[in-house]
Amino acid sequence: MSTTEAQVTATPVRRVRRRDVIWDWLTTVDHKKIGILYGVTALFWFVVGGIEATLIRIQLARPEMQFLSPDVYNQIFTMHGTTMVFLVGMPIAVALFNYLVPLQIGARDVAFPRLNALSYWIFLFGSIFMNFSFFLGAAPNGGWFGYAPLTSSQYSPGLNIDFWVLGLQALGAASIMGGVNFITTIINLRCPGMRLMRMPLFTWMAFITSFLIVTALPVLAIALFLVTFDRFWGTNFFITQAGGDPILWQHLFWMFGHPEVYILILPAFGIVSEIIPTFSRKPLFGYAVMVYSGALIGLIGWGVWAHHMFAVGMGPIADAFFTVATLIIAIPTGVKIFNWIATMWGGKIRLHTAMKYAIAMLVTFTLGGISGVMHATSPHNLQQTDTYFVVAHFHYVLIGGLIFAIFGSLYYWFPKLTGRFMSERLGSWQFWIYFVGFHVTFMPQHWIGLLGMPRRIFTYYDELNLGALNLLSTSGVLVQAVGVLLLFVNVIYSVKRGAPAGRNPFGASTLEWATESPPTAINFNTTPTVHSRDPLWVEADRIEATVFGPVEPHLHMPPNSFWPFLTAIGATATFILFMTNIWWMPLLGVIWTAVCVINWAYEPV
Amino acid sequence: MATAVAAETHGHPPHHAPTATGLNTWKLGFWVFLGSETLFFGTLISIYMVYKGQSVVGPFPEDILDIPLTTLSTFVLLMSSLAVVLALEFLQQGRRGLALFWTMMIIVLGSGFLGFQAYEFTHFYKMGLTLQTNLFGSTFFVLTGFHGAHVTIGVLWLLFLWFDMYRGRLGPQDALRLEVAGLYWHFVDIVWIVIFTLVYLMS
C-alpha cells in the first residue's frame, strides 16, 4: 500500500482505504493471500456445483420427472463434474498448498510469487468463462470426460464444447504453473535442517501431487488441443471417417484422468496425516512408510488409467494388466489407513470437529476404496460400469475422502488463518448433519446401480422399481445442503466472533503453528532451524526464539505486481476470442499477453 | 505458458539467500517446467506414431517428405545449439563482442530453421497436404507446428536478451539469464532430433 499522507487527508479516509485494499488483493504476491483467494473462489464454485448436484437429484427423485429437460440435464451433470474436479477439488487443494507449504517448510513465500498470482488469476477467469456459458444456454454437455466423437462439431455443433475445451485449457495451464512453483518451492526453499524426511506429511503430499500435476496435465492439454483443432480447423484426430480413433481420446483423457484422481486425494491424505497426530497427541505412526506409500500411489497411479475403459474391449492382456495394477494400488492406500489407525491407537484422542472429519474420512474413504477394488476387477467391472454403483463409489472417495478432509482442514487451520476458533457447538452439529446427509445420499446409489440404473440418463421408468431408493438419495442431498449452509454460517460467525485462538491452539507439532495467527507478512522474523520431524513438540523454545526474535537484516520481500492480473486477462482473452471464429481475433489476446509478459520480465523484484 | 515461465526467469535474478539444495531456484524451476514440456511433446509424438499409416487418403509421408532438405534444416538447428554454448561461455568470460555475435547467431540459425519450416509447410500445402487432408496432415502439422511455435518463442526471448546485452544490461554476473534461455533452446533442439528421427528418417 503506497498511499501517502497527503492523499489520505485529501480524500475521505474510508474510501481510500477500501480502494487500497482492493488494489492490494489484485496485485498481491503473498502466498497466504493467494491461498485465501483460491480458497474463497473454490468454496464459491463448491456452492455452484452443489446447486447443480441438487438439480440433478431433484430431477431423479421420482420416475419420469419433467423438472429438467434432457438437454439441460446434460449440461448440468457435465458442469457438476467439471466444476467439482477442476473448480473445487484442485483449487481448494492448491489453496491449502499456498497457505501452508511455505509456512510448514519455514519459507517466506513460494519460489515464483508472481507466477503464483498468475496461476490464480487464470484459474479465476477461466472458471468464470466456462460458467458464463450458462447465460448463453450453451453450457458444456458432453460429460466431464468429453468422449469423442460426441465432442466433434458434427455431433455437438453448438458453443457448448467450445466453452469446455477452451476453459479447461486455461485451467490446465494455470495448474501446471502452480505445480512447477510448488516443486521448486519444496525442493529449494526449505529452512535449514528441514530435510526431506523431516517435512510434514501435508507438504510431502503437496510435493507428490505437484509432480502428478506437471506430468498429467500436459497430456490433457494435448488431448484438448486435438479436439480444439478438430472443431475449429477441421483436422481429423477423432473423425472416424478419416481413420481417427475415438478410443485414443479415452486413452489420453484417462492417462490424465487417473493421475488426476490422485491429484485430488493425496492432499486429503496429507490433511488427515496432520489432524490425526495432533488430536491423538502422538507422532504419526510409520512416517517414512507414509511418505513412501504416498510416492508409490503417485507412481502406480500412472499405470492404471485403462481401468476406466474395460468395457471398450481392449483384450484380455490389457484388461489383466490394468486389473492387477489397480489392485496393487490398494496396498499402499491400505498401509496409510492402518498407519492412521495405529497413530490413534493408545493416543489421547480429542474429538474436535476436525478430528471427527478425519475419522469420518477414514471410514468413508475405506468404504469407497472397497467398492473401488470391486470394479477394479475387469469381469466385475462389466456389470458395474456406467451404473450408479460407480457414481456411489467415486462420491464415497471424493466427498468421503476429499471433501471430508477439506472440511476438517477448515476447522483445523481456521484459527491459523483468522486467529479465532470456529464454533465447536455449531461444528459438531454441522459434522453430524453433513455426515448423515452424505451417507443417506450415496449409500442407496450402490443398490440403484446394482439394480441396473445407468449414469448420465435424465430419467427412468416407474416399472424399474427404483423410485423409492432414488427418493431416499434425493432426500439426503437436502440434508447435505443444510450441512453446507451451517458450515458457511459457522465460518461467517467465527471470522468476527469466534473465541480467540492464539498461536498453537491444538498443540500441533509443525512449523506453521509457530507463527502468529494470522501469520505476519514475512511469516518468520528470522528463518528457523529445525532438528526434528515435530519441531514444536521437541524444540519449541528455540524455534520460538528465532520466529519471534529480531527481524532478519536486509530482508527483501517481493513487491506487489499488477502484471500477473493483466497477463491473465490477456491469456484468457486469447481463449475466449477463439470463440469468434475469426482467425485474427485471438492474436489480439496474444499481443496483449506479450506486452504484459515483457513488462513483467523487466519489472524489478 | 512457456512465455510466462520465460518472463519469470528473464529479468535480473533475485539475490536469494542460499537455497536448501544449493541449486539456483530459477534453474531448478525451469528444469521442472522442461520436465512438464517433455510430457507435452511426448504425447504429441505418441499420437503421431499411433496414427502413422492410418491415413485413408494421400498424400502419404513417403510421397512428400524431403529428407535431404530437412537434414539441412536439422543441421542448422543443431548448429544453433553450438552457438548457445559459445554465447554463454563468452558472456561468462565477459567477452561482450563475441557473446553478442554468438547470441545473434542463435537467432539467425533459429530463424533459418523457421524459414525452412515455412517453406516446407507452403510446399506441402501446394502438393495438397493440409491440416484437413488426412490423419498424416493433421498429426504432422500439429506436431511440427507446436515445435515451430516453441522455436519462435525462443527466438523472441533471445532477441530481448541480445538487446539487453547490447545495451550493457546483461553482463557476466547475470549470465544465468542466458543460461536458462539456453536450457530452453537445447530442449527444443532435442525434441527436434526425436521428431526428425521418428517422422522423417523412419518414414
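Modeller: A definition to begin with: axes are lines fitted to C-alpha atoms, for helices over the stretch in contact, and angles run from 0 to 180 degrees between N-to-C directions. Bear in mind that this is a predicted model, where local features need pLDDT of at least 70, side-chain atom pairs count only at pLDDT 80 or more, and totals for chains, interfaces and linings use all residues. Residues are numbered from 1 along each chain as its sequence is written, while chains are lettered from A and ligands numbered from 1 in the order in which they are written.

Colleague: What is the packing angle of helix 4 and helix 7 of chain A?

Modeller: Helices (H or I, at least four residues) and strands (E, at least two) are DSSP runs, numbered from the N terminus. Helix 4 of chain A takes in residues 70-104, and its axis is 10 Å from that of helix 7 of chain A, at an angle of about 125 degrees.

Colleague: Which word describes how helix 4 and helix 7 of chain A lie to each other?

Modeller: Under 35 degrees is roughly parallel, over 145 roughly antiparallel, 65 to 115 roughly perpendicular, and the rest is oblique. Helix 4 and helix 7 of chain A pack at about 125 degrees. The two are therefore oblique.

Colleague: Which residues of helix 7 of chain A make the contact with helix 4 of chain A?

Modeller: Contact means C-beta atoms, placed from the backbone, within 7 Å. From helix 4 of chain A come A:Ala93, A:Phe97, A:Leu100, A:Val101 and A:Gln104, and they meet, in helix 7 of chain A, A:Phe202, A:Thr203, A:Ala206 and A:Thr209.

Colleague: Where helix 8 meets helix 11 in chain A, how many nonpolar residues are there?

Modeller: Helix 8 (residues 246-280) and helix 11 (residues 353-376) of chain A have axes 9 Å apart. A:Ala268, A:Val272, A:Ile275, A:Ile276 and A:Phe279 of helix 8 face A:Ala354, A:Met355, A:Ala358 and A:Met361 of helix 11 in chain A. Ala, Val, Leu, Ile, Met, Phe, Trp, Tyr, Cys and Pro count as nonpolar, Asp, Glu, Lys and Arg as charged, and the others, Gly among them, as polar. On that scheme the contact of helix 8 with helix 11 of chain A has no polar and no charged residues, and the nonpolar count is nine.

Colleague: How many residues of chain B are in contact with chain A?

Modeller: On the chain A side there are 39 residues, and on the chain B side 33.

Colleague: And how many charged residues are on the side of chain A that touches chain B?

Modeller: Helix 5 (113-132), helix 6 (160-188), helix 7, helix 8 and helix 19 (585-601) of chain A each give two or more residues to the side that touches chain B. That side of chain A has 27 nonpolar and nine polar residues, and the charged ones number three.

Colleague: What percentage of chain B is buried?

Modeller: Chain B has seven helices and zero strands, and its C-alpha trace spans about 60 × 35 × 25 Å along the principal axes. Buried means 20 or more other C-beta atoms within 10 Å of a residue's own, exposed 12 or fewer, and partly exposed in between, with C-beta atoms placed from the backbone. Of the 203 residues of chain B, the buried share is 42%.

Colleague: Which residue is joined to A:Ser517 by a cis peptide bond?

Modeller: Chain A has a cis bond from A:Ala148 to A:Pro149, with omega near 0 degrees, and A:Pro149 sits in the loop between helix 5 and helix 6 of chain A. At A:Ser517, omega is about -10 degrees, and the partner is A:Pro518.

Colleague: Is A:Asn523 buried or exposed?

Modeller: A:Asn465 and A:Asn523 each have a positive phi without being a glycine, about 60 degrees for A:Asn465 and about 65 degrees for A:Asn523. A:Asn465, in the loop between helix 14 (424-450) and helix 15 of chain A, has 11 C-beta neighbours inside 10 Å and so counts as exposed. A:Asn523 is in the loop between helix 15 and helix 16 of chain A. Because A:Asn523 has 24 C-beta neighbours inside 10 Å, it counts as buried.

Terms used: Two residues are in contact if their C-beta atoms, placed from the backbone, lie within 7 Å.
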